[in-house]
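Morning, everyone. Please have a look at the next slide, and then I'll walk you through it.

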Amino acid sequence: MITFTVSLIALIFGYFLYGRFVDRVFGPDDRQTPAVTKADGIDFIALPSWKVFMIQFLNIAGTGPIFGAIMGAKFGPVAYLWIVFGCIFAGAVHDYLVGMLSMRNGGASCPELVGKYLGEGARKVMLVFSVILLLMVGTVFVFSPATILETYGGTALMWVIIIFFYYILATMLPIDKVIARFYPIFAFSLLFMAAGLMVMLYIKWPQLPELWDHLENMGMQADSSFTDQVFPCLFITIACGALSGFHATQSPLMARCLKSEKMGRPVFYGSMITEGVVALVWATVSMYFFYGEPSPGYALIEAEGNNGFLTKEPALVTIMCNEWLGVVGGILAVLGVVAAPITSGDTAFRSARLIIAEAFGIEQKPIVKRLIVCIPLFLASLGLLIWQINDANGFRTIWQYFGWSNQTLSVIMLWAATIYLVREKKAFIITLIPALFMTAVCSTYLFISKQALHLPEPIAYCLGAICFVIALVWFVVWYRKETKRTIS
């Protein structure tokens, strides 16, 4: 619990100290934002800042800081390091700069930003990459909440149809009709659930592994089938609670709704820090289940008829909330494992619509134009959904590829932000270091993962190191050319 407390304080100080530094590096001013200059009543709508924060938090959170933290907690206390340092120095910086650059470029989506700073070829790659990523997110978050809702009545197919229909409405309707009305409520429930669990942690004060006792992977202690390496697997497993490329597709949504650039730090940087706190709480709760002494919480799972550590993440969420928070906790658990993925799914489709429309210059104010983009998008999702339902491993397969794709997207956006900072003669080191680190993580994971090349560890690590060196050399060469060009 000492490690948890120190980590919690570090995240709070990170917002006030490093967050303020990053904000000064970028330099927000009083210029009019796209919410004002491009107001269309559909996607560009000025909303109250508190509401934008709540929507942004829920957009980027979903089940990521819950399920990702639960899976990452198997690594042991080392997960705290990634949540804290990843959130402060990588994830929050990533989300903030993407949101602010979007505002500075008329509410541009991530492919357009990549095209501006990394070139037309990169823009085309990013366009395809981001749409496929969003399609995967939207699809996997149809069937999983439907299976949970089935336990409360009806059939899974019925809930799939209802959720899919809701996605169509939320994607098509103006942002203030559905998202702005209901998202703050769901966001509050997630925050209340995390706050309640935090209070219970301090009341119970369980004896948990501390950082100075266990820096190695403790996964084998929790689950004999868990053999992932801390590097790079931890940094892929815990994404939304530390750094996530999916957030780059969401920040532009709120960049189109902010009335002032000066609200960028609390909305973009602040929501990521808030998500880090939620991930920290769930990682600690999960360690109580995996490693708590003298009576680990997994006894609760066994009492429910599950097989110890092999329980599914939603089951752990439900049991924990019911045991520690009572009836209210049970309701919040349902919101957490059902509403959260649904709200991630609908904004994924909305982002995909806007990215495609922007790429092909399709105006989105007329509803017919929105249908032109949405019909093929939802048909593709429907085909993927049918395959996922018919294949027993469909969800797991899609999610495994999503994990690597998600972090690769963050790498691309961090490099784009680095180029921007260099050209503006600002402190580019704030994005260069996380860009290089995540380049090494994603390349190594590609070489070592069972879902990819699955090379022997020594070879995989060597190839990952080579990719890191290539990225560093490329940047140094480009930086020298850019410096000479600017001087001349």
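First, a term. A helix here is a DSSP run of H or I with at least four residues, and helices are numbered from the N terminus. Keep in mind that this is a predicted model.

Ser410 sits in helix H18, which covers residues 394-423. Is Ser410 buried or exposed? Its relative accessibility is 0%, so Ser410 counts as buried. What does its side chain find there? A polar atom of the Ser410 side chain lies 2.6 Å from the backbone oxygen of Gln407. Set aside neighbours within four places in sequence, and Ser410 is in contact with His94, Leu243, Ser244 and Gly245.

Next, helix H20, residues 457-487. Ala471 is found in this helix. Ala471 has 11% relative accessibility, so it counts as buried. Which residues does Ala471 touch, not counting those up to four places away in sequence? They are Trp415, Leu436 and Thr439. Take Trp415. Ala471 and Trp415 are 56 residues apart along the chain, yet 10.0 Å separates their C-alpha atoms.

On to helix H19, residues 429-448. H19 has 20 residues. From first C-alpha to last, H19 reaches 28 Å, close to the 28 Å expected at 1.5 Å a residue. How many of the residues of H19 are buried? The count is 16 of the 20, so H19 is largely enclosed by the rest of the structure.

Now the core. The largest nonpolar core holds 160 residues. Which of them touch the most other members? Leu197, Phe268, Tyr269, Trp282 and Trp324 do. Helix H16, residues 313-360, gives this core its largest share, 19 residues. Let's look at Trp324. Not counting residues up to four places away in sequence, Trp324 touches Leu197, Met200, Leu201, Lys204, Val285 and Tyr288.

Last, the cysteines. How many disulfides does a search of the whole structure find? The search finds 0. Take Cys87: the nearest cysteine sulfur belongs to Cys240, and it is 11 Å away. Cys87 is buried, with a relative accessible area of 0%. Cys240 is buried too, at 11%.

Methods. Residues numbered from 1 in each chain as written. Predicted model: local features only at pLDDT ≥ 70, side-chain atom pairs only at ≥ 80, totals over all residues. Heavy atoms only, no water. Disulfide = S-S within 2.5 Å. Buried < 20%, exposed > 50% of the residue type's maximum accessible area, 1.4 Å probe, protein only. Helix = DSSP H or I, 4+ residues; strand = E, 2+ residues; numbered from the N terminus. Expected span 1.5 Å × (residues − 1). Core = buried A, V, L, I, M, F, W, Y, C linked by side-chain atoms within 4.5 Å. Contact = heavy atoms within 4.5 Å. Polar contact = N/O pair within 3.5 Å; in protein donor to acceptor, adjacent residues only side chain to side chain.
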